[in-house]
Amino acid sequence: MKDVKKAYGICPASMTIWNADQTYNKKGMEKYLDWLLANGAQSISICGSTGENIAMNMEEQREIIGHVANYLQGQVPLVCGTGRYDTLNTIKMSQYAQEQGADCVMVILPFYLNPHKKAVMQHFRDLRAALDIDIMVYNNPWFAGYELSVQEVKELVDDGTIQAIKAAHGDPNRVHELKYHCGDKLTVFYGHDYCALEGLLVGADGWLSGFPGVLPKQCRALQDAAFSGDVKAAIAAQNKLQPYIDYFFYDKVNGVPHWQEICKYTLQAQGLDVGLPRKPLGELDDANKKKIEKLLADMQ
């Protein structure tokens, strides 16, 4: 087996680049990955929520995992989203990612049918029995409908089932409690976008979310300041991001624009030809495009 790397630091939840006909754009993905690495990414995550895993079938997901792993060639730790509702296909996708050279699989809690916690804990234990590389719990109550408690996570850490977690609720206290109770046995990523400063200051080992996938340089500056203990510089970096955060979360009319559409255009506005999200989402209107362009200009 290859030398497995531990994911850490700025870990973009990478978008998936589609062609105009909505097929996978390999060249576009390669340019995007190069841009992320050139702008401060320390690890790479693919096929998660920001990567539109919900909009791809298993064959496409395998194509993307295989292509990205082959392209990166171990430059940085690679985290692959592999979670399905059912355990069987989660294991199959995770084993494929391992075979292709992934360092870690990120597995969302089984969703939609809302299984009980006993079944969910066994889901991860069955995956551990079938896999050699690290398992990251994707603890996202917004998309799964529930989350594992700190004590449930600790149980999986203590029995060797999981090694990492993406704490995606947004509350930085999740990070603080996980690090307090699990210590260095668990790599904890702050997994949302609006309180990364607080999450990093209370002990997160990195930041894995959508913002690092569209504003990697700015996110790296915030993280580096927090990790160095320079709270004043970290607050300044957070303040530079705040207008974009306010727009991203609050400037909406009946849910428009969607965050996926915002993320894709944020990349477009920085000169990357990344296309659009897969339908049913689509292109931003001109007014929102102009807002993003101004926010990016003001961020410089």
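Biologist: What classes of residue make up the lining of the largest pocket?

Modeller: By class, that lining has eleven nonpolar, six polar and four charged residues (Ala, Val, Leu, Ile, Met, Phe, Trp, Tyr, Cys and Pro count as nonpolar, Asp, Glu, Lys and Arg as charged, and the others, Gly among them, as polar). This is a predicted model, where local features need pLDDT of at least 70 and side-chain atom pairs pLDDT 80 or more, while totals for chains, interfaces and linings use all residues. Residues are numbered from 1 along each chain as its sequence is written, and side-chain values use heavy atoms, leaving out hydrogens and water.

Biologist: Which residues lie nearest the centre of that pocket?

Modeller: Of the 21 lining residues, Ser49, Glu52, Asn53, Ile54 and Ala55 lie nearest its centre. A pocket here is an open set of points on a 1 Å grid over the protein atoms alone, where a 1.4 Å probe fits, with protein on both sides within 12 Å along at least five of seven lines, and lining residues have an atom within 4 Å of a point.

Biologist: Switching topic, how many salt bridges are there?

Modeller: The structure holds 16, each a side-chain nitrogen of Lys or Arg within 4 Å of a carboxyl oxygen of Asp or Glu. One of them joins Lys6 and Asp134, at 2.9 Å from N to O.

Biologist: Are those two buried or exposed?

Modeller: Lys6 is partly exposed at 47% relative accessible area, whereas Asp134 is buried at 14% (buried is under 20%, exposed over 50%, partly exposed in between, with a 1.4 Å probe and protein chains only).

Biologist: Which residues form a network?

Modeller: Salt bridges link Arg125, Glu155 and Asp159 in a network.
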